Amino acid sequence: MSRTRRLSVCTLAVIASRIRVRFAPSPTGAFHVGGARTALYNWAVALREGGDFVLRIEDTDQERNRPEWTQGIVDALYWLGLHPGTYEGPYLQSERADRHTAAARRLYEAGLAYYCDCTREQVVERTGNPHRGYDGFCRDRGLGPGPGRALRFRTPDQGETVVEDVIRGRPTFPNAALDDFVIARGDGSALYMLAVVVDDVDMGITHVIRGEEHLSNAPKHQLLWQALGAEPPVWAHLPVLVDAQRRKLSKRRDKVALEDYRDEGYLSEAMRNYLMLLGWSPPGGQEVMPWESMVELFRLEQVQASPAFFDVGKLRSLNGTYLRALTPGEFIAACRPWVEGPNVRWSPECFDLALFAAAAPLVQTRAAVLSEVPPLVDFFFLEKPTIEEDAWASAMRDPGPAILAEAIAAYDELEHWEPQVLKDRLAAIGLAHDRKLSAAQAPIRVAVTGRSVGLPLFESLALLGKPVTMQRLRAARERLEADR
RNA sequence: GGCCCCGUCGUCUAGUGGACCAGGACGCAGCCCUCUCAAGGCUGAGAUCGCGGGUUCGAAUCCCGCCGGGGCUACCA
């Protein structure tokens, strides 16, 4: 389909006095990254066009624990930067049941809907095909309301329904393929199909921006909008998010909860930037940019129509970029929950914020995610370093023990405990063993930090201080002797 | 079965008939820098634009057919 046939949001904005978008998640579990993207796109449109953003919780599934999940959604949006007060709501769909049933009654009274007492089994028996849908059996039976009687919307037999979609052009549905769908249950309560439309109409929504899974329902929604006497909104059906197997992201299989990413140390700014990029790319090719710039550049009609893979690798890279862009002070502040929180592996009284702050610049280029920070600095705050045995084994081969012993002797008499001095001494020792510094530093690094990779060694030793360093070097020598 | 949507490097994408033997980013490989690892710099590999026909002097871009993936087809949302 050609993009030239797409309608511009701006064009239509002239028709509607003020743009009103809505984000309408159903509280059926942890807040999903896909939902986050939908919310962000809605928000970007509202911000750019100076419109309103409405939050509505689709909670007509009465089983759920509403207050908790609703709070989870509000919190997730808050983390993304959508703060209460800057949007309308949250409205609870369940609290609007009267409006829904009133609309159902109006539709019935206008002859646009009819009552039906068919069971599913009866329908299947008549059509002979379980996938065939409803056959219109009760259309002209003139049934009135009654217990167990569902209300069905009378869809047109002829013609077609065109959904003007900003992203997809003009999906066109033959009306004959649309069944007379149920809009109210036997007990009178409205179904989602009716409730969304009633709410959207009532709330004056001008742009419905939601997931692609709703596209097939859009013609039914549109028919309902018209039946209710309202001008249908501008539609925009966003591509779904898929996993590596190109399957729709699933709560069971995939890591989709926004809070999981937050708890792993992804910055909300990075997440927001990444999510915006899933299905849209700013003109000019620049991908990393502040939210304000994205909002300015964002165009709904430029959104890709094909499914997008949620690539954690790219998210991670983006997060690293954001981490590195932080000022030292901001970086330290961002790290604090990870180094001072209740889950740290060292005893809290051993933590030294000044020491961490001094090491932070060394950490900043080495962490892509905040959860990677503690392992980089743990040797500063642990009573003794956790030795990785593989690292120990390879570092303590052949000249390792000799280098360690000579370093102890050389470092012991040092008066100036500074990186350059520490480095020069070790380089000289390495030279005597025909080893480059890159090899000579290994036994010292493992002895002091427990690992073969990490922060720059001599800066680390300088920050750790002479007494602790010497103590660890000696402890390593003792272990070597004991192992022998 | 019916209806609808989608299909450019592994991934996210640029691309709206000629400047595209297809550009960027992530990832990958190599080099430089270097006390390890990162970060940074440079270089490179990687896409017969799902397939097949057309239209055109010329097609990733227009038309037709097909294939593949997905969604809807609930008295779920």
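Predicted model: local features only at pLDDT ≥ 70, side-chain atom pairs only at ≥ 80, totals over all residues.
Three strands form an open sheet in the order β4-β5-β8, and the pairing is antiparallel. The edge strands are β4 and β8, each of which pairs on one side only. If we ignore direction, neighbouring strands of this sheet are turned by 45° against each other on average. As a reminder for anyone new to this, strands of a sheet pair through backbone hydrogen bonds, either parallel or antiparallel.

Now we can follow the individual pairings. Strand β4, residues 113–116, pairs with β5 over four bridges, and within that pairing Tyr114 has Arg152 of β5 as its bridge partner, while Cys116 stands opposite Ala150. Towards strand β8, residues 182–184, β5 is joined by two bridges, and here Leu151 stands opposite Ala184.

Are the two faces of β5 covered or uncovered? In a regular strand the side chains alternate between the two faces of the sheet. In β5, which spans residues 150–153, Ala150 and Arg152 lie on one side and Leu151 and Phe153 on the other, and all four are buried, so that both faces are covered.

Helix α6, residues 192–202, and helix α7, residues 218–227, pack at an angle of about 50°, with their axes 10 Å apart. An angle between 35 and 65 degrees counts as oblique, and α6 and α7 are therefore oblique to each other. The crossing of α6 past α7 is right-handed.

Helix α9, residues 268–277, is mostly covered, since eight of its 10 residues are buried; among them are Arg272, Asn273 and Tyr274. Just after this helix, Gly279 takes a positive phi of about 110°.

Finally, let us turn to the RNA. How many residues surround RNA strand B? There are 68, and the closest are Ser26, Glu58, Tyr192, Ser306 and Phe309. Several elements each supply at least two residues of this surface, including β7 (172–174), β12 (308–309) and α17 (419–432), but α11 gives the most, with four residues. By residue type, the surface near RNA strand B divides into 24 nonpolar, 24 polar and 20 charged residues.

How values were computed. Residues numbered from 1 in each chain as written. Chains lettered and ligands numbered in written order. Buried ≥ 20, exposed ≤ 12 C-beta atoms within 10 Å, placed from the backbone. Near = placed C-beta within 6 Å. Nonpolar A, V, L, I, M, F, W, Y, C, P; charged D, E, K, R; others polar. Pairing = 2+ DSSP bridges. Axes fitted to C-alpha atoms, helices over the stretch in contact; angles between N-to-C directions. Parallel < 35°, antiparallel > 145°, perpendicular 65-115°, else oblique. Left-handed = near helix turned anticlockwise from the far one by under 90°.
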